[in-house]
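Morning, everyone. Please look at the screen, and I'll walk you through a few details.

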Amino acid sequence: MRDIQIETLLQKELVRQRQGLELIASENFASKAVMKTMGSCLTNKYAEGYPGMRYYGGCEVIDEIETLAIDRLNDLFGSTYANVQPHSGAQANAAIFLALLEPGDTILGFELSHGGHLSHGSPVNFSGKVYKPIFYGVEEESGLINMEKVAKLAELHKPKLIICGASAYPRDWDYKRFRQIADSVGALLLGDIAHPAGLIAGKQLDDPIPHCHVISSTTHKTLRGPRGGLILMGEDFENPWGRINKKGEPIMMSSVLNSGVFPGMQGGPLEHVIAAKAIAFEEASHESFIEYTKQVISNAKTMAKALKSKNYTLASGGTDNHLLLIDLRSKSISGKKAEKALVKADITVNKNMVPFDDKSPFITSGIRIGTAAITTRGLDNENCEQIVEWIDEALLNADNELKLHHIKIEVNRFMGQFPLYQDQ
């Protein structure tokens, strides 16, 4: 039996993805193999627990699939522990907090309005409601994190957990310095690499594995897999609280983290998604993926240069990764209005707060753009210069519906050169 309404809407969305410029920094285009696997018979199987330790029968094949995903992920990042069950990055963080912290414990995270993430202590999120958040931010003049100020905050507040990672920070992270700060106050260090995970796997950015006690990530951004989360550790270690098992042996952090995910945070894992993750991890192990990550960063740097030539203000002055945060206050247009104008031209971005923003999160003074998805489509540096021309033209004509429509036609014609899922 067919559902014509849903089929029609799916086709409508596919047309939108094909015809437009996808510049949402947290989005990408998964391979057909990844998407096919997510719609496979694995959807039907319940598998609470872990390989070899399930609460349901009939998990023999499921165990092989999940073990393969774990092994491929460890091979990709050079880690020794991986949990591939978290449904999302936020749930991975929630599971880690549940495993490592007690309610009311102090955490030190990156300020949301400066580029951090909701799950790093925002007062509207579980992380800010259950735990006591303290925040570091960027310097107003440079847009960069001042590590000496981070160290002073850590010394003053003695957090149990320090978080490095962001959703809108265009620069690489000094994981080594963060670990030094964490060690100086007896804190654990969490590296949330949800955005740059693929670029780290592609050896283009600093590696958190040697420095962070535990690492969380999504699988659907620069890693180009299905929507989901993961947890990693470089090396397993004894829990720092002296907890022992029934045999009187120290409980290892791998066991603590596994319990944080299940039964602590969620029930049955999405094994169809885990199989799709395994495919994405294998895809990311190829030389072609490394070349892809190089082009992602090159495209972002090209766009940064072109935007600056048109007198746009970029948070931190540029980028080291796949994203750009554009402060539009000098252009006298809000992030909300800019987003709407660009969407009308089939250029998809999201409004975003910028450091020291004077507008609300519903209006914002900036927009965030990323190059992961357009690079997957095959766009190069020259194409990115053209994209900036369209962005500038659209923002200069934000109230001109006819002009925005003409840009949309140009964008649609242009994107026809870069096929997406042609046999669907």
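Here is a question to start: is E393 buried, partly exposed or exposed? Before I answer, note that this is a predicted model. Now the answer. E393 has a relative accessibility of 23%, so it counts as partly exposed. The cut-off matters here, because buried means under 20%.

What does E393 do with its side chain? It forms a salt bridge with K403, and the closest N and O atoms are 2.6 Å apart. K403 sits in helix α15 and E393 in helix α14, so this pair ties together parts ten residues apart in sequence. K403 is also partly exposed, at 28% relative accessibility.

Stay with helix α15. Which residue does E401 meet in a salt bridge? K344, at 2.6 Å from N to O. E401 lies in helix α15 and K344 in helix α12, so parts 57 residues apart in sequence are tied together. Both ends are partly exposed: E401 has a relative accessible area of 48%, and K344 comes in at 41%.

Helix α12 turns up again. Its residue K337 pairs with D399, which lies in the loop between α14 and α15. This salt bridge spans 3.1 Å, N to O. The pair links parts that are 62 residues apart in sequence. Look at the accessibility of the two partners. D399 is exposed, at 62%. K337 is partly exposed, at 36%.

How many salt bridges does a search of the whole structure find? The count is 21. Some residues join up in a network of salt bridges: R54, D63, E66 and E271.

Zoom in on one pair. Strands β9, residues 214-218, and β10, residues 229-233, run antiparallel, joined by four bridges. Find S216, then look across to β10: its bridge partner there is I231.

Terms used: Residues are numbered from 1 along each chain as its sequence is written. This is a predicted model: local features need pLDDT of at least 70, side-chain atom pairs count only at pLDDT 80 or more; totals for chains, interfaces and linings use all residues. Side-chain values use heavy atoms; hydrogens and water are left out. A salt bridge is a side-chain nitrogen of Lys or Arg within 4 Å of a carboxyl oxygen of Asp or Glu. Helices (H or I, at least four residues) and strands (E, at least two) are DSSP runs, numbered from the N terminus. Buried means under 20% relative accessible area, exposed over 50%, partly exposed in between (1.4 Å probe, protein chains only). Two strands pair if DSSP finds at least two bridges between them.
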